[in-house]
Amino acid sequence: MSVQFLLQQCLIGLTNGALIALVALGYTMVYGIIGLINFAHGDLIMLGACLALSLVGALGMTAAGPATTWVGIGGLVLLCGLFCGLLNVAVDRIVYKPLRNAPKLAPLVSAIGVSFIFMNVGLFWLGPADKSFPELLPSTNLLHNDALQFTWKDLLVVLIVGPLMVALSVLVKGTKLGKAMRAVSQDPTAAALVGVDVDRVIAATFFIGGFLGGAASVIYGLYINTIGFQMGFQNGLYAFTAAVLGGIGSIPGAVLGGLVIGLVRALASAYVGERWTGAIVFAILIVILVFRPEGLLGRRVKEKV
Amino acid sequence: MATNRAPRTSSPPAPSAGPWDFLAERWELVTLAVLAIAPLVIPALGGALGGQVTNLFIYCILALALNVMVGYTGLVHLGIASFFGIGAYCLAILTVPMYPFQIGFLAAAVIAVLVTAGTGLALGAPTLRLRGDYLAIVTLGFGEVVKVTLRNLEQITGGMKGLNPVPPPGAGVTLAGIDLGKEFAIDPRWFYYLALLSLAGVVLAMRRLENSRLGRALVAVREDELAAQAMGISATKVKLSAFAMSSAVAGLAGCLYAASLSTTADPNAYDFNRSIMVLCAVILGGLGSIPGTLLGVAILVGFDTVLAPWADSWIQQMNINPKGLSYLSFSGWRLAIFGVALVLVMRYRPEGLIPSRRLAAELHEGGAGS
């Protein structure tokens with residue numbers, strides 16, 4: 001157990017964490033704006049991965065040269081992002097919107113229902129067995145160091161996640177839409193009073209969350225290389241844990257939470273054993289919720305009467 | 001806030017009570033009588049069908065356990081199956097030949113129920129001050145932790161093989177010249193009656209709970225925690241009691257499950273899917289409603305064990321699906337059907353098929369009145 005081994009695990013953890021963070025953003029944004037734990041988000045990403053796999057097959061991307069591959073991956077991210085974003089908006093329109101004033105249990109249970117429907121679609125799309133996602137990128141080491149691996153795949157994660165995060169923070173902090181989103185998340189009624197179209201802002205939030213999820217689904221396929229119709233649940237749970245850890249509703253919190261969960265997973269797999277990873281992550285989740293329910297970067301919100 | 005709520009007390013008995021009114025008011029007794037006579041009349045209940053109905057009873061108990069949390073108290077619990085599992089494993093550890101304890105079923109069941117209740121308290125005590133949806137996630141996470149632990153502690157739980165053989169209840173006990181253990185092993189009707197008796201006991205207990213001081217406190221906390229506290233109810237105590245009761249009853253269901261299968265089965269039997277299916281049953285049937293919960297379980301289990309196999313064999317006979325494609329088989333649509341049912345119920349009838357009157361009033365609050 002050398003230092004290099006530890007460094008390697010940290011590197012794996014951070015790369016994985018970036019992926020988790022991307023999914024966690026979808027949870028945290030939707031929660032921040034309508035207070036819904038979107039159970040179906042993980043399964044939405046599973047559907048995105050199904051589309052990515054089908055597109056890779058249909059476009060014959062496995063035979064393309066390196067330059068075309070990179071362009072193709074960009075196209076995949078865009079298409080799957082659009083698909084997941086629009087699907088998310090449609091689900092919000094059809095399922096969650098009529099329940100805006102219902103007790104909190106109603107949208108939560110509906111989200112579980114939507115997750116079932118997505119899983120069934122994924123089952124028809126992929127079949128019951130896990131499918132392997134073709135390796136589009138060479139696994140050559142980019143570092144001139146035998147003990148430390150950083151491959152094209154790892155670079156890909158950084159190259160996609162980095163710009164998306166920057167774009168998101170510009171959008172939320174610098175644009176009118178972002179201002180409206182922040183306003184709605186603080187107080188929808190007051191936001192509506194000053195002229196914000198709340199429904200449009202909510203739809204936009206669902207779209208952005210879904211788009212990031214779609215991008216994550218492509219990375220997931222290329223990075224993990226195995227997809228299955230049940231992948232949504234487990235991955236969604238890790239991402240949700242990350243969102244809660246960072247402070248749900250907080251965008252930088254989701255990113256930080258994702259990186260921490262990624263690190264914890266990698267280190268737990270390396271030093272305790274892979275089969276305990278799930279238990280360790282959820283035990284951490286429970287401990288955090290008990291001692292610091294507002295998360296690392298969240299604000300403490302008083303329960304309203 | 002709606003100004004008028006549904007009256008709390010049930011309406012006085014109608015002056016001219018016909019036979020249907022009697023059936024409606026005494027549905028538990030009538031159902032119990034029918035179910036108690038059934039094995040004597042229907043010989044099929046002495047075979048595989050009897051085992052399936054026993055399973056149905058066990059799920060009914062589990063669903064009633066969940067109903068205490070979600071229905072009465074309004075706490076979303078996504079890990080009920082883990083308590084089901086803890087009950088099953090406790091019973092197994094106390095009775096299987098692999099361990100030195102080998103105490104009888106009854107004593108083991110009592111201990112298992114106490115252990116699950118204690119586990120519920122241990123989980124509930126630190127987490128109950130969390131907001132509703134956070135609590136849901138904690139219970140979900142707890143369920144995963146339990147599943148992973150059961151799977152990985154191979155020396156104690158037998159890993160994926162589970163613990164077996166769990167001896168039948170009454171093993172080694174001879175009563176009036178009948179070797180009970182042997183009888184349980186030979187004739188599934190013994191388990192049928194054991195499960196039915198337990199279910200009847202649980203239904204009775206739930207009935208008593210609904211009308212007790214504690215039961216009303218549970219409902220008050222669900223409706224408005226702050227108002228309930230202002231009236232002198234300790235929300236923490238009430239929620240903890242709900243947690244303990246729910247866990248204990250789920251543990252009882254687990255004991256019956258392990259005993260009737262004579263194994264704990266593998267830990268995946270106690271995973272999130274099972275928790276969610278039970279939750280679906282409670283929501284579909286009617287949160288906070290005993291007949292609703294029972295009906296919900298009957299529909300879901302009926303779907304899986306009766307309707308789906310029947311529809312699949314029909315499709316096979318009609319030769320619609322010669323290639324065995326999953327989307328041309330009925331059971332291939334199982335998840336989607338459950339999902340659509342959940343969404344539709346939440347949209348159009350959040351109080352479920354047989355609603356509890358108070359909850360229906362609460363759910364329609366702020367809508368078109370009650």
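**Ground rules.** Residues count from 1 along each chain as its sequence is written, and chains are lettered from A, with ligands numbered from 1, in the order in which they are written. Since I'm on a predicted model, local features need pLDDT of at least 70 and side-chain atom pairs count only at pLDDT 80 or more, while totals for chains, interfaces and linings use all residues.

**Chain A.** I looked up the elements and got 11 helices and 2 strands (DSSP runs numbered from the N terminus: helices are H or I with at least four residues, strands are E with at least two). Read from the N terminus, the order is α-α-α-α-β-α-α-α-α-β-α-α-α. The radius of gyration is 19 Å, close to the 19 Å from the globule rule for 305 residues, so chain A is as compact as a globular protein of that length. That radius is taken over C-alpha atoms, and the rule is 2.2 Å times the number of residues to the power 0.38. The C-alpha trace spans about 60 × 45 × 40 Å along its principal axes. Buried residues come to 50% of the 305 (buried: 20 or more other C-beta atoms within 10 Å of the residue's own, with C-beta atoms placed from the backbone). Of the contacts with a separation of 6 or more, 77% join residues 24 or more positions apart; a contact is two C-beta atoms, placed from the backbone, within 7 Å.

**Helix pair in chain A.** I checked α5 (152-174) against α8 (198-224): their axes come within 10 Å and cross at roughly 175°. Axes are lines fitted to C-alpha atoms, for helices over the stretch in contact, and angles run from 0 to 180 degrees between N-to-C directions. α5(A) and α8(A) are therefore roughly antiparallel (angles over 145 degrees). On the α5(A) side I listed A:Lys153, A:Leu156, A:Val157, A:Ile160 and A:Leu164, and on the α8(A) side A:Leu212, A:Ala215, A:Ile219, A:Leu222 and A:Tyr223. The class tally for this contact is 9 nonpolar, no polar and 1 charged. For the classes, Ala, Val, Leu, Ile, Met, Phe, Trp, Tyr, Cys and Pro are nonpolar, Asp, Glu, Lys and Arg are charged, and the others, Gly among them, are polar.

**Chain B.** Here I found 16 helices and 2 strands. The trace spans about 60 × 55 × 50 Å along its principal axes, and 47% of the residues are buried.

**Helix pair in chain B.** α3 (48-73) and α12 (235-261) have axes that come within 9 Å and cross at roughly 170°. That makes α3(B) roughly antiparallel to α12(B). B:Ile61 and B:Leu62 are among the α3(B) residues in this contact, and B:Val249, B:Leu252 and B:Ala253 are among those of α12(B). By class I get 17 nonpolar, 4 polar and 1 charged. Beyond four places in sequence, B:Ile61 contacts B:Ser198, B:Leu199, B:Val202, B:Val249, B:Leu252 and B:Ala253.

**Core.** B:Ile61 turns up again in the largest nonpolar core, where A:Leu22, A:Ala215, B:Ile61, B:Leu62, B:Leu91 and B:Ala253 touch the most other members out of 213 residues. A core here is a set of buried Ala, Val, Leu, Ile, Met, Phe, Trp, Tyr and Cys residues joined through C-beta atoms within 7 Å.

**Interface.** 35 residues of chain B are in contact with 36 of chain A. The elements of chain B giving two or more residues to that side are α5 (105-127), α6 (132-152), α13 (272-285) and α15 (334-348), and α6(B) gives the most, with 13 residues. I sorted the chain B side by class as 24 nonpolar, 8 polar and 3 charged.

Methods
Parallel < 35°, antiparallel > 145°, perpendicular 65-115°, else oblique. Buried ≥ 20, exposed ≤ 12 C-beta atoms within 10 Å, placed from the backbone.
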